[in-house]
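Hi,

Here is the structure I said I'd send over.

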Amino acid sequence: MSEERVFPFGAPFAIGRVPAADGAEESTSSQDHGRNPGMPLKTDWFEEMRINASAVERRAGTLATRRGLKKQWQAAWLLKALMSIDLTTLAGDDTPARVRRLCAKARRPLRTDLVEALGLAEMPKVAAVCVYPTMVGPAVKALDGSGIPVASVATGFPAGLMPLPLRLEEIRYAVSQGASEIDIVITRAHVFAQDWQALYDEVAAMREASGAAHMKAILATGDLKTFQNVYSASMVAMMAGADFIKTSTGKEDVNATLPVSLVMVRAIRDYLERTGVKIGFKPAGGLKTAKDALAWQILMKEELGRDWLERDLFRIGASSLLGDIERHIEQFLTGRPSSAMRHAVG
Ligand SMILES: O=C[C@H](O)COP(=O)(O)O
């Protein structure tokens with residue numbers, strides 16, 4: 001496979017760059033957008049908001065098709081998606097051995113021959129490894145020296161139905177084990193009761209317990225029932241200091257969907273307009289295909305812009321997406337369909 005076939009726009013892009021949709025390479029150097037300082041609760045920012053559900057569904061439905069990525073850019077976008085993955089294992093039968101295997105994959109998510117064929121100077125890495133609190137220690141050890149952060153779910157994941165002091169203690173435990181990112185779950189009942197003060201107070205307390213660790217707030221949107229609830233919960237989580245808002249635990253009946261993600265990214269856009277603060281977005285749960293990854297990348301770029309293709313503002317939470325991305329990159333490089341059995345599961 002000649003370099004020209006793979007990169008008709010010229011020299012291979014460097015890690016941390018992604019070609020523009022029109023093919024022009026544009027720098028989007030990774031920058032740390034820092035922490036969300038949060039702000040006092042202002043319910044008037046969302047209580048008056050009316051969301052037109054059919055307009056949301058329509059817009060989400062056209063997003064993935066509106067901007068068909070030119071075939072020659074797809075490998076670059078998929079590589080970018082791979083580098084945005086929070087590679088996850090959150091199963092009752094997780095063991096340190098499984099977590100070590102996952103960390104080995106996080107360090108080397110692509111086969112060496114594919115890395116070479118892409119003309120990359122170094123092995124790309126996933127954005128983070130995401131595990132349960134008791135698996136943080138083994139993950140930190142296995143990732144030592146790699147620069148890959150460990151994210152821990154906490155606060156009684158996935159249901160969140162534990163007393164708040166225990167949920168806060170769980171955060172502190174995960175941080176003490178070396179987690180530098182904490183994925184919290186909100187109390188859904190506060191949303192059903194429209195008790196925004198209670199929701200704000202719990203998320204703010206979780207943010208404080210996270211200390212220097214970046215905090216992602218999982219809204220469990222499949223439980224929240226209405227777009228209105230999703231928008232309001234997004235706003236409250238951001239006001240309370242969440243650095244990222246995340247759709248789902250992967251355990252709800254309905255996990256990440258494009259319409260719900262659209263509502264969340266619009267909330268991020270509104271928050272940015274009002275405060276100047278950039279909040280990250282993490283779709284999670286049920287994202288398994290390269291096509292899914294591209295659809296969410298298009299959503300980010302169309303709705304929020306190029307900065308939200310970088311992993312400091314965009315993550316994909318997934319336990320079984322990497323294999324399909326690797327398969328599609330190989331298919332792109334060879335021009336032939338690649339069999340799933342040639343790739344590691346996950
Ligand atoms: O936070 C990440 C999710 O739990 C992953 O869900 P998944 O197993 O459906 O990919």
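Predicted model: local features only at pLDDT ≥ 70, side-chain atom pairs only at ≥ 80, totals over all residues.

You'll find threonine 226 in the loop between H10 and H11. Its C-alpha atom is separated by 8.8 Å from that of alanine 53, although the two residues are 173 apart along the chain.

Lysine 225 has a phi near 75°, which is positive even though the residue is something other than glycine. Is lysine 225 exposed or buried? With 12 C-beta neighbours inside 10 Å, lysine 225 counts as exposed.

On to H11 itself. H11 is largely enclosed by the rest of the structure, because 11 of its 13 residues are buried. Among the buried ones are Phe227, Val230 and Tyr231, then Met235, and Met238 and Met239 towards the end of the numbering. Just after H11 comes glycine 241, with a positive phi of about 110°.

The buried set includes Asp324, Glu326, Arg327 and Glu330, along with Leu322, Ile325, Ile329 and Phe332. After H14 comes glycine 335, with a positive phi near 80°.

Now the helix pairs. Two packed helices are described by the angle between their axes and the distance between the axes.

- H7 and H9: the axes of H7 (residues 164–176) and H9 (residues 196–210) come within 9 Å and cross at roughly 25°. The two helices are therefore roughly parallel to each other, and H7 passes H9 in a right-handed crossing.
- H9 and H11: these pack at an angle of about 45°, with axes 8 Å apart. That makes H9 oblique to H11, and H9 passes H11 in a right-handed crossing.
- H12 and H13: the axes of H12 (residues 258–275) and H13 (residues 290–303) come within 10 Å and cross at roughly 30°. That makes H12 roughly parallel to H13, and H12 passes H13 in a right-handed crossing.

A few backbone details for your checks. Where is the cis peptide bond that joins a phenylalanine and a proline? The bond is between phenylalanine 157 and proline 158, with omega about 0°. Proline 158 lies in the loop between strand S5 (150–154) and H7.

Glutamine 194 is another non-glycine residue to look at, with a positive phi of about 55°. The loop between helix H8 (188–192) and H9 is where glutamine 194 is found. With 14 C-beta neighbours inside 10 Å, glutamine 194 counts as partly exposed.

Methionine 135 lies in the loop between strand S4 (128–131) and helix H6 (136–142). Methionine 135 has 28 C-beta neighbours inside 10 Å, so it counts as buried. From methionine 135 to methionine 300 there are 165 residues in sequence and 31 Å in space, C-alpha to C-alpha.

Last, the ligand. Which of the 13 residues around the ligand come nearest? They are Gly250, Ala284, Gly317, Ala318 and Ser319. By class, the shell has eight polar residues and five nonpolar ones, with no charged residues.

Cheers

Conventions
Residues numbered from 1 in each chain as written. Near = placed C-beta within 6 Å. Nonpolar A, V, L, I, M, F, W, Y, C, P; charged D, E, K, R; others polar. Buried ≥ 20, exposed ≤ 12 C-beta atoms within 10 Å, placed from the backbone. Helix = DSSP H or I, 4+ residues; strand = E, 2+ residues; numbered from the N terminus. Axes fitted to C-alpha atoms, helices over the stretch in contact; angles between N-to-C directions. Parallel < 35°, antiparallel > 145°, perpendicular 65-115°, else oblique. Left-handed = near helix turned anticlockwise from the far one by under 90°.
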